[in-house]
Amino acid sequence: MANWKGNKLYSIWHLTCPFCHEGDFFISGPYDLKHVGELHKNCPVCHRKYEKEPGFYWGAMFVSYALSIAFSLLAYGITWWIWPDLGIRGYFIAVVGATILVAPYLYALSKILWANMFFSYHGVNGSGVN
Ligand SMILES: [Zn+2]
């Protein structure tokens, strides 16, 4: 893949620091359920703060909600496409099951998306720290 560091999608895809795209954003992977969605206070590489103010990541709940709805619709569409005669109960189980399976990832994704809405790339030693 080409060098796309500096693009917000890089940080989102790799779940890395929104400022330098190098350090880990989360203390652990999205499926480490003990630490689900927990992020570092500061970037381990560039040391910029991830939390603008206390409660900053509450807003990510809206993103998480929107992502879950979008994902459910997608899961419904795919299920319907693969098994058109599954029946309402089958759809329900498939969609709810799939959404539960991806929930930890969607939760992590909502936080990194939220961070990227407010923070932008400055490189490891770049100026413009906020
Ligand atoms: Zn960083």
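Read along the sequence, this chain follows the pattern α-α-α. It has 3 helices and 0 strands. Both kinds of element are DSSP runs, numbered from the N terminus: helices are H or I runs of at least four residues, and strands are E runs of at least two. The model is predicted; local features need pLDDT of at least 70, side-chain atom pairs count only at pLDDT 80 or more, and totals for chains, interfaces and linings use all residues. Residues are numbered from 1 along each chain as its sequence is written.

Start with the whole chain. Its C-alpha trace spans about 55 × 35 × 20 Å along the principal axes. Of its 130 residues, 18% count as buried. A residue is buried if 20 or more other C-beta atoms lie within 10 Å of its own, exposed if 12 or fewer, and partly exposed in between; the C-beta atoms are placed from the backbone. Contacts also tell us about the fold. Two residues are in contact if their C-beta atoms, placed from the backbone, lie within 7 Å. Take the contacts between residues at least 6 apart in sequence: 56% of them join residues at least 24 apart.

Now look at helix H2. H2 has 23 residues. From its first C-alpha to its last it reaches 32 Å, close to the 33 Å expected at 1.5 Å a residue. That expected span is 1.5 Å times one less than the number of residues. The buried residues of H2 are Ala60, Ser64 and Leu67. They pack against H3.

How do H2 and H3 sit against each other? Two packed helices are described by the angle between their axes and the distance between the axes. For H2 and H3 the angle is about 145°, and the axes are 8 Å apart. Here the axes are lines fitted to C-alpha atoms, for helices over the stretch in contact, and angles run from 0 to 180 degrees between N-to-C directions. The residues of this contact divide into 16 nonpolar, 6 polar and 1 charged. In this count, Ala, Val, Leu, Ile, Met, Phe, Trp, Tyr, Cys and Pro are nonpolar, Asp, Glu, Lys and Arg are charged, and the others, Gly among them, are polar.

Phe62 lies in H2. Is Phe62 buried or exposed? Phe62 is exposed, because it has 11 other C-beta atoms within 10 Å. Its C-alpha is separated by 8.2 Å from that of Ser110, 48 residues apart along the chain. Ser68 is also found in H2. Ser68 counts as partly exposed, because it has 16 C-beta neighbours inside 10 Å. Not counting residues up to four places away in sequence, Ser68 touches Thr99 and Leu106. Ser68 and Val102 are 34 residues apart in sequence, yet 8.8 Å apart in space, C-alpha to C-alpha.

Next comes the core. In soluble globular proteins, nonpolar side chains tend to be buried together. A nonpolar core is a set of buried Ala, Val, Leu, Ile, Met, Phe, Trp, Tyr and Cys residues joined through C-beta atoms within 7 Å. The largest one here has 15 residues. Those with the most contacts inside it are Cys17, Phe25, Cys43, Tyr50, Leu109 and Ile112. Helix H2 (60–82) and helix H3 (88–118) each supply at least two residues of this core. H3 gives the most, with 6 residues. Leaving aside neighbours within four places in sequence, Phe25 is in contact with Leu15, Thr16, Cys17, Leu39, His40, Tyr50 and Ile112.

H3 also has a proline to find. Pro104 lies in H3. Pro104 is partly exposed, because 16 other C-beta atoms lie within 10 Å. Beyond its neighbours within four places in sequence, Pro104 is in contact with Pro30, Tyr31, Leu33 and Val36.

Finally, visit the loop between helix H1 (8–14) and H2, where His21 lies. Most residues other than glycine have a negative phi. His21 has a positive phi of about 60° although it is not a glycine. His21 is buried, because 23 other C-beta atoms lie within 10 Å. His47 lies in the loop between H1 and H2 too. Its phi is near 65°, again a positive value in a residue other than glycine. His47 is partly exposed, because it has 15 other C-beta atoms within 10 Å.
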